[in-house]
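Here is a protein model to read alongside some questions about the words used to describe it. Each answer sets a value against a cut-off.

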Amino acid sequence: MRFSSAYLFKILLYSILLSTLPVIFLGIFSYSKASGMIQHRVNEDQMSLLEQTQSRIEQELKAVENMAIQYVGSLTVKHALTQGLEPRNFILVDELLHGMYQMKTFEFGIQNVHMVSQEHNWILNNDGLRPFDESDYFNLFTGYASMVKRSFWISESFDQSHSISLVEKLPQNSMNPSGLFVVQIPNYYINKLNSSRNGLGTMMILDENYNVLTHDDPKMIGQDLSSLPYIADIRGSSQESGFFRTNYEGNEIGVIYRKSSYNNWVYLDVTSIKSITKDSRAIGWTTFITCVTIIALLLVVAVFASNRIYSPVRRLFETALGDGNSGKGKDEFQLITERIHKLVSTHTQLTGQLSVQMAQLKDFTVIRLFQGGLSGKEVREKLSLYHEPGDWKLLCVLVLQIDTLEGTRYNGEDSDLLMFAINNIISELIPEANRFFSTPVDKSQVTLLHHSSDNLAEFRSQAYLQAEAIQETIKRLLHLQVSIGISRVYQQLNHSSKAYREGLEALKYRIRLGSELIIHIDDVQQGHIRKPIFPLSAAEELYDAIRMGDYERAYEGLSSIIDEIGRIDLTPRDYQLIFTRLIVDIVRIVEDQGESLQANDGEEYSLFGQLDRLYALKDVELWLKNTVITPTIQLLEQRRETQYTRIAEQIMDIIHEQYDTDLTLDHCASQLHYHPSYVKRVFRKGTGTNFSDYLITYRMKMAKQWLTATEMKISEISDKLRYNNSQNFIRQFRKLEGVTPGQYRKLYESDIEKLV
């Protein structure tokens, strides 16, 4: 058969197309993907910087606002706003200045703190106390007072310096505020918080009127940017954050912004698209040069390889064609490919089917063997497929389990991988001549051993030595503590299921014996087993400690229970019954209080499921302490604290409504249907003061209101507040306020006259 040059041309053309087209497509795709990823990554980084900056700044501002709210809510501030401050009030002024100075000691960049009373015409700040209408801040703060908002952040320029101020109108929650509390923070401090830069663009912060608060260029601070075109786009957007491209001064720019729902500020980053795509262009040129170089090399290789390939094609075709002529007119490569593919496919199919079926059959046989689903004859027939040794007389089962993963570098997700590694270790340690098979089953690793001699003691000793070698090797290589249960010795394979259950039963005795053990079933099931006795006395002490919320007594009670039952020889099932009853009793204590105790979120098992997976008394004690007892006490304490607060609030409501009656603690307790001693303790715990002090304080508060707002006589006030005589009332008033009721009224009237 002759081959024309056209066939060689086809090979060459195919080689060129096959090699160059992927390079071209890959180059285009790589450049496009890299460019997009670079811009997307830059946008993400810039947005992340804005988000971090916003979070950092707003955290600082909220901290300042919280301090201000706490300060203006104090009794000292409230008292100061009700009167005009004068030098004779130096104690009150000193207390106010001390509180304002404490605010400035925190690391929040606070420059000045002002407290203003428009009603009494005074201002208190770093400059001291002075009349408000003589202050440099009079016009500025008067403007703040005219604003509708009661609390807000605002940017301001004063004496050629820029700052932001928190404005709180006083008193709080008043319909007609008559004062202000202003905290000033210089812009340079906010600019310092906005110090994150990556060199690509300009990051700035604008207030709600789009005036610059921070900027890379200090000269821009305070400038109004509301007229810029991209600011108009941001103003018109309903989204809180975003990115868009626009043209500004002949350049294409990318704008990333975030709007703050806290103070309506705008966090803005403006970056030149040209600077972003700078790396993309470099990547594009590099990709182009690389692709051209690769294509040139591929052309040379394609010409050379086509000539080399062409020469053996005829020989391969003639070999594939054989003596027949059924391949005439067919493409040479098509015929060769068909013959080879058919051969390889047939071989692969047969090999794959055989491997899968043998593995499935072996797994199925092992499962049936341990489930007791195979007779002795069936076991021999099935295991003969896996080279089962014929010369054996005794067999037993080793069941291995991991004691714990705590304190190791592993976690629960590594269990299957660890079992696979352990299975490989056992396969290496125990020769095939001494075992039928070794395989993981559920959470255990099971090895079926056999022995050619009928010497029972020798086989038991050999099984123990092999278990010991397995345990030591796993500890050395994997740094794991494992325990191994050894079954009794049997002479028939159909007893394998019974031997497997005995190995599992032996491992359950870890709860009494500890961990990292090798346990033979005969060693733990021999002897007299005492009937389990529930430690009722120790349990009652534990229950009482839980009800009283005494952590220390509860933990000691739990230890007593563990020690008491640990001294008794019990089966694993008996231990399980005792701990189950203990948990049920604790759950009942919680349910009696109207609550429920459940497993922690994220736990795969219930409380009883978790208990069933514990193998040592120390693990059970730790689990009961952390998962059952501690959460129970915390739950009961939360309920108790809620009840204390509710009762204290009810008592205060009674005082506010019945302060002008002969009100006593016993009377309040009777109304609430509680014992007076309990009410006394609960009220003190909930308010920090006792009943009588709170009642006197509230009565004095009402007395001051009547003295300043009414013409009531002092004797009338005394009678209304249930004092036996006016002298007792006057003495009590002077003790709390430092002046007599009459003097207090005169001082108030004098202050009013001065204001008028």
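The questions below concern a predicted model.

Q: How many helices and strands does the protein have?
A: The protein has 26 helices and 16 strands. Of its 756 residues, 41% are buried.

Q: Why is C668 called buried?
A: Buried means under 20% relative accessible area. C668 has a relative accessible area of 0%, so C668 is buried. C291, at 14% relative accessibility, also falls under 20% and therefore counts as buried.

Q: How do you know how many disulfides there are in the whole structure?
A: A disulfide needs a pair of cysteine sulfur atoms within 2.5 Å. A search of the whole structure finds zero disulfides.

Q: Why is the contact between E208 and K149 called a salt bridge?
A: The cut-off is a side-chain nitrogen of Lys or Arg within 4 Å of a carboxyl oxygen of Asp or Glu. Between the side chains of E208 and K149, the N to O distance is 3.7 Å, so the pair is a salt bridge. Side chains of opposite charge can pair when their charged atoms come close.

Q: What parts does the pair of E208 and K149 tie together?
A: E208 lies in the loop between β7 (201-206) and β8, and K149 in the loop between α4 (138-146) and β4 (151-158), so the pair ties together parts that are 59 residues apart in sequence. E208 has a relative accessible area of 34% and is partly exposed; K149 is partly exposed too, with 43%.

Q: What makes D522 and R488 a salt bridge?
A: Their closest N and O atoms are 2.6 Å apart, and the limit is 4 Å, so the pair qualifies. D522 is in helix α15 (residues 521-525) and R488 is in the loop between β15 (482-486) and α13 (496-507), 34 residues apart. Salt bridges that share partners join R460, R488, E502 and D522 into one network.

Q: Are D522 and R488 buried or partly exposed?
A: D522 has 16% relative accessibility, under the 20% limit, so D522 counts as buried. R488 has 28%, which lies between 20% and 50%, so R488 is partly exposed.

Q: Why do L13, L17, L21, I24, F25 and I28 form a nonpolar patch?
A: A patch takes residues with over 30% relative accessible area and no salt bridge, and joins nonpolar side chains within 5 Å. L17, for one, has 42% relative accessibility, so L17 passes the area cut-off. L17 is found in helix α1 (residues 5-72). Together the six named residues have about 550 Å² of accessible area.

Q: How do you know that the side chain of D224 makes a polar contact with the side chain of S226?
A: The distance is 2.9 Å, and a pair of N or O atoms must be within 3.5 Å, so the distance meets the cut-off. D224 lies in the loop between β8 (212-214) and α6 (229-236). Its relative accessible area of 45% makes D224 partly exposed.

Q: Which peptide bond is cis, from L170 to what residue?
A: The bond runs from L170 to P171, with omega near -10 degrees. P171 lies in the loop between β5 (161-170) and β6 (179-186).

Note on methods. Residues are numbered from 1 along each chain as its sequence is written. This is a predicted model: local features need pLDDT of at least 70, side-chain atom pairs count only at pLDDT 80 or more; totals for chains, interfaces and linings use all residues. Side-chain values use heavy atoms; hydrogens and water are left out. Patches are made of residues with over 30% relative accessible area and no salt bridge: like charges are joined within 9 Å, nonpolar side chains (Val, Leu, Ile, Met, Phe, Trp, Tyr) within 5 Å. Accessible areas come from the Shrake-Rupley method with a 1.4 Å probe; for residues, only the protein chains shown count as cover. Helices (H or I, at least four residues) and strands (E, at least two) are DSSP runs, numbered from the N terminus. Buried means under 20% relative accessible area, exposed over 50%, partly exposed in between (1.4 Å probe, protein chains only). A polar contact is a pair of N or O atoms within 3.5 Å; within protein, one must be able to donate a hydrogen and the other to accept it, and residues adjacent in sequence count only if both atoms are side-chain atoms.
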